[in-house]
Amino acid sequence: MLSYRHSYHAGNHADVIKHLVQICILNYLKRKEKPFCYHDTHAGAGLYSLHSEHAQKTAEYQTGIGKLWNYQGSNADIQAYVNTIRLVNDNDDLAFYPGSPKIADLLCRATDTIQATELHPSDHPILASQFQRRRHSRIEKMDAWAGLRAMLPPLSKRGLVLIDPPYELKTEYQDLIKGLQQAYQRFPQGTYAIWYPVIERQAVESFIDAIVDTQIRNQLRIEYCPQPDAEGFGMTGSGMLVINPPFTLKQDMENCLKQLSPLLSQSPLAHWQVTQLVDE
Ligand SMILES: C[S@@+](CC[C@H](N)C(=O)[O-])C[C@H]1O[C@@H](n2cnc3c(N)ncnc32)[C@H](O)[C@@H]1O
């Protein structure tokens, strides 16, 4: 079943948190000259028009990038995020939003490698067409978990793996834990950023506990919920669980979320956390 289309959700508050974390990690990796590999398991279409019928139907981008487009605050990481989104927009109008593989394309150097898997028969060719001219890239119409087995570890032995399933099926939570364990065995030096939605609090905590129980060291949880926890109201927030985060990420995300929370909040009960779940 592949009914999920990211074009309905591009640029929403969950994308803001996901892509902010992604950009911070990519910029950290770029501090060293040695090339790295960016691997995207569930890549989507790469670039989304916010004027499209899908984006206009939900208007979700207005809960996220729409609130930050004219950001004037002092936080350099939020500014770097907004500047990255501005790279795909010619002028001051917010018309396009780059997905995670496009963000990697914008920020990675020519010597870095980009690998991505996407199964959707419509989204894969759209994505692949954007990478035709990029030398070190591999964009496969392949199952995410098979892709991790086939393409890790990267030659460079350094990099970021973004794991961003649609969670349409309950089995995807279990699939992720198995896929993560297999990937980590092959590439333990890698940074892994796992996106998760907050829909039912107890289910979220069970999922996080299951990742902690893998015994993988150095796990950082970053979560932002613009609405209070409430079952039956859809996604009230989202988070990123980062394995082997840059040592700067915890403090950087705390600083970001202090500024972001009032800008993105939809309720006085909005809440966030940045928690080291498992030490190095
Ligand atoms: C949340 S979207 C990805 C968004 C993208 N990572 C971003 O941030 O711009 C999830 C994507 O996973 C794709 N997908 C679903 N199951 C998959 C699987 N088993 N393997 C690869 N891709 C899959 C869907 O078609 C969808 O495009």
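**Reading burial and packing in a predicted model**

Visitor: Is Pro101 buried or exposed?

Guide: In this predicted model, Pro101 is buried, with a relative accessible area of 0%. Buried means under 20%, so Pro101 qualifies.

Visitor: Where does Pro101 sit, and which residues is it in contact with?

Guide: Pro101 belongs to helix H5, residues 100-107. Beyond its neighbours within four places in sequence, Pro101 is in contact with Tyr38, Asp40, Ala43, Gly46, Leu127 and Phe131. For a distance, take Thr117: 16 residues away from Pro101 in sequence, and 9.9 Å away in space, C-alpha to C-alpha.

Visitor: Now Lys32. Buried or exposed?

Guide: Exposed means over 50% relative accessible area. Lys32 has 54%, so it counts as exposed. Lys32 lies in the loop between H1 and strand S1 (37-40).

Visitor: Which residues does Lys32 touch?

Guide: Arg109 and Arg158, with residues up to four places away in sequence not counted. Thr84 is 52 residues from Lys32 in sequence and 20 Å from it in space, C-alpha to C-alpha.

Visitor: How should I read a nonpolar core?

Guide: Start with the general idea. In soluble globular proteins, nonpolar side chains tend to be buried together. Here, the largest nonpolar core has 80 residues. Tyr81 and Tyr192 have the most contacts inside it. Helix H1, residues 13-29, gives the largest share of this core, with ten residues.

Visitor: What does Tyr192 touch?

Guide: Leaving out residues up to four places away in sequence, Tyr192 touches Leu152, Val161, Ile163, Leu180, Ala183, Tyr184, Phe187, Leu241, Val242 and Ile243.

Visitor: Step back to the whole chain. How many helices and strands does the protein chain have?

Guide: Ten helices and ten strands. Of its 280 residues, 53% count as buried.

Visitor: What does the radius of gyration say?

Guide: Compare it with the value for a compact globule. For 280 residues that would be near 19 Å; the protein chain has 17 Å, which agrees. Along the principal axes, the C-alpha atoms fill a box of roughly 45 × 45 × 40 Å.

Visitor: What share of contacts joins residues at least 24 apart?

Guide: Take contacts between residues at least 6 apart in sequence. Of these, 76% join residues at least 24 apart.

Visitor: And the surface and charges?

Guide: The accessible surface comes to about 12,500 Å², with 50% belonging to carbon and sulfur atoms. The chain has 27 positive and 30 negative side chains. The centres of the two sets lie 7 Å apart.

Methods: Residues are numbered from 1 along each chain as its sequence is written. This is a predicted model: local features need pLDDT of at least 70, side-chain atom pairs count only at pLDDT 80 or more; totals for chains, interfaces and linings use all residues. Side-chain values use heavy atoms; hydrogens and water are left out. Helices (H or I, at least four residues) and strands (E, at least two) are DSSP runs, numbered from the N terminus. The radius of gyration is taken over C-alpha atoms; the globule rule is 2.2 Å times the number of residues to the power 0.38. Buried means under 20% relative accessible area, exposed over 50%, partly exposed in between (1.4 Å probe, protein chains only). Contact means heavy atoms within 4.5 Å. Accessible areas come from the Shrake-Rupley method with a 1.4 Å probe; for residues, only the protein chains shown count as cover. Lys and Arg count as positive and Asp and Glu as negative; His and the chain ends are not counted. The place of a charge is taken as NZ of Lys, CZ of Arg, CG of Asp or CD of Glu. A nonpolar core is a set of buried Ala, Val, Leu, Ile, Met, Phe, Trp, Tyr and Cys residues joined through side-chain atoms within 4.5 Å.
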